[in-house]
Amino acid sequence: MKRQALAFARSQNLTLAVIIVLGVVLLGVTSGGGFFSPVSVRTFFQFLAVPILIGLAQMITVAVGQLNLAIGSIGGFAACLAGVMMADLGVPAVLGVVVTLVVGAVAGFINGWLVVATRINGFIVTLATMTILSGAQYAIVSTRTISSTNWAPIADLGKATVGGIPVVFILAIVVAVLVSLAFNHTVGGRRLLASGDNSHAAALSGISNDRSVIIAHAASGLLCGVAAFISLASLSGVNTSVGGDWLLPSFAAPIIGGVALTGGTVAILGTTLAATVVRLVDSARAEFQLAPAWVNFVIGAVVLGTVALGRAREVRDSRRAGAARAKAPQTTGPTSPGQAPTGAAS
Amino acid sequence: MTEFALEAVGVSKSFPGVKALDNVSLRLAPGEVHALLGENGAGKSTLIKILTGAHTSDTGTISLSGVVSDISSPSAAMAAGIGVVHQERNVIRGFTVGENIVMSRMPRRGPRVDWTAVRSEARRCLAMLDLDIDPDTPMAALSSAQTQLVEIARGLYTETKVLLLDEPTASISGNESDRLFRVVARLKQEGAAILFVSHKLEEVFAHCDTVTVLRDGKSILQSEPLSAHSRDEIVDIMVGRSLASLEVPTRSVDRSAPPVLELEHVNTTAGHHDVSLDLRAGEVLGLYGLVGAGRTELARAILGLERITTGTLSVHGSTASIKSVRQALQKYRIGYVTENRKEEGVFLEQSITRNIAVTVWSNLEKAFGFVSGKKERALVDSYVRDLDIRISSQDQLAGQLSGGNQQKVSLAKWLAAQTQILIIDEPTVGIDVRTKRSFYDLIWKLADDGLAILLISSDLAEMVTLADRIVVMDRFAITGEVDNTHDYDTMSQAVIRLIHAELPVS
């Protein structure tokens, strides 16, 4: 337990938690307590669900050393397709939910399969599928906005709360817990991380890196599908703009949350906290009636700052490793216990 | 007939431009420790990779206990009972020690990882090596020797009939090697067949029963009892008499001249410790050491890619503080011919002209940043002629040339830049013997023309042929220096003794 507490303190999680507390207090004071009203709290959490889910979706691809530029267009297309089917074809709401999830997972699977089958860089593959899917999204809804009255049961779920907390937010947290369990405690999840950390070593241990890439993209797409479902539940209607602004926050959450872009790490709590910070910035914009561009500016700057900080840490660590090596011959050779930072020497 | 635990017959493997293995055969009997020897690049690692399914052979068969087996992937090799300790560190740094050890076959309960079993299995493997490392320790927290020991523990995890050890002792000291050899002795008694790759001949003669020697991808000595050969014979077979006794021109270096490059008690951010050496005009100074000894890193420090923390670097007698490769070239006239020819040495998709003239464009500039094409071609032509680079035209792309010619292109650009000090890192890796010879002639010619050359090589025969003096480096420190007599037997002994010398205590 002590080790876990220490790890928490060292990670970005503590910093993020402090920022969240300060931000909440600041918004609470400046709004004269209005920020803590039940409606305000409900709205805050309701619109936190999607940022958490798309952050996790991106994190999963980053964990295997990939990335997914198509996050927004997978979600947008899935939401619009299900919306059109429910509104125009009279498809029942339950089936509409299934459509969002299946479309998401299949689109993600195709991304992964294309990367593996063509050996084309994932950046290009997802850039292409992003463009194709947003084109498809426009083709099915055109300039319409399809009202959520067409899927009343789903919209009702979006309004439902348990103890003042929206059900959709609870759903996002459940997904986060499942993702955490998968990466930390299942063989499949550990394999994804092994592939992302050192694909060469993973291959020599009998792990299929191709499989890891496909699974990660499919899981990422599935989470976009969940985000699409929550969009249907939370928004008053869907149109071509759904998913259009997901890309930056999807990268911001895992990067600020402490996930290495080189792959091999996940930070579920960090990603969730970072998504909350991003949501707070958005709330502050609404509170102070700032231009939406301001949010992008702040998030962009924070992402850049986080990455720069991580790079500085890397340089410092490699310097330390060199210094340790330089000292080693003076003592008892390169295997002296003093060189192992944890003191776990033989 | 004994039934062999593993029998490879007629194995060949080609990579673009190189025949890595040529009709190699190998027999491993149960209960024997078999040494696989050869110089760097002889094909040992390629053979290991084929036996473990990381590569597939072009021709040849592999039988296990008399049955022809298709080892098409690492998991197939594991399933067939082949365990391996790889030469490179193949660990997942983000995982714990325990998880790394059991990764090839995770203990599981349904889809879940059985963490209790991970710990107990890892502890069992570590205990075989008498290691007291907590399986929950993060891998990244271990020293390099501990990492290597964990790598060995991984090879012990699954029940193995055949255990392949690819230079497991390269980065660990005697005390730790003993842990390994105790386990090897035990596995041998239990009837396992063990293949042992090492450059340390003392270990080979102390622990091995049979031997196979590879040279230039061919098995020169095939599964013979080790006791039938003396150590000197084995070295001769490894190196190949013909190459070791290459005719060496008589060269004279003016030792009284002041050094053009001098390092005094240098420590670096890469981890070098108290490194001193000097290099004179017209001299070829060899910097020998095993892989990971810190030689390339020293070159990087001279070029300003690593910081010198204490000690001084002097060029032409005055203290130099080099901050970048650009400064090293333009102010101090130091060039570096990289060991990674394809990645760092040439622009594969660019013409020969551009590859060679890249260092001197600023000198060829006419006006407004335009380069004089005529002067550029004339200059490149002169180097193509001098270095005997075989090209069809200057417009040919560097990627279309053979390895040897690419290496010459990589070298030519530094000559074009009028360098006075040239650091040449592993110049003949992956180059055939005849081209090697012409490359040696070229290096001597450059030295005779007054260039100061620091030659980095892991190829001992090459070192003994080329260098005027040999400095030996181990674990980021200089362990000694010898004048080269070009006599392979005495030199190899002297150099190998220096590699395993105790580091000076300061």
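The model is a predicted one, and local features are considered where pLDDT is at least 70.

Within α7(A), the buried positions are A:Gly122, A:Val125, A:Thr126, A:Thr129, A:Met130, A:Leu133, A:Gln137 and A:Val141. These residues lie on the same side of α7(A), because the arc that they cover around the axis is only 135°. The partners against which the buried residues of α7(A) pack are α5 (71-88), α6 (93-118) and β1 (146-147), which likewise belong to chain A. On the face of α7(A) that is turned away from this buried side, by contrast, the exposed residues A:Gly135 and A:Ala139 are found. Just after α7(A), the backbone at A:Ser142 adopts a positive phi of about 50°.

The contact between the two chains involves 32 residues from chain A and 45 residues from chain B. On the side of chain A that touches chain B, the elements that give two or more residues are α10 (187-197), α11 (199-204) and α15 (292-327) of chain A, and the largest share of that side, six residues, is supplied by α10(A).

Methods
Residues are numbered from 1 along each chain as its sequence is written. Chains are lettered from A and ligands numbered from 1 in the order in which they are written. This is a predicted model: local features need pLDDT of at least 70, side-chain atom pairs count only at pLDDT 80 or more; totals for chains, interfaces and linings use all residues. A residue is buried if 20 or more other C-beta atoms lie within 10 Å of its own, exposed if 12 or fewer, and partly exposed in between; C-beta atoms are placed from the backbone. Helices (H or I, at least four residues) and strands (E, at least two) are DSSP runs, numbered from the N terminus. The arc is that of the directions from the helix axis to the C-beta atoms. Two residues are in contact if their C-beta atoms, placed from the backbone, lie within 7 Å.
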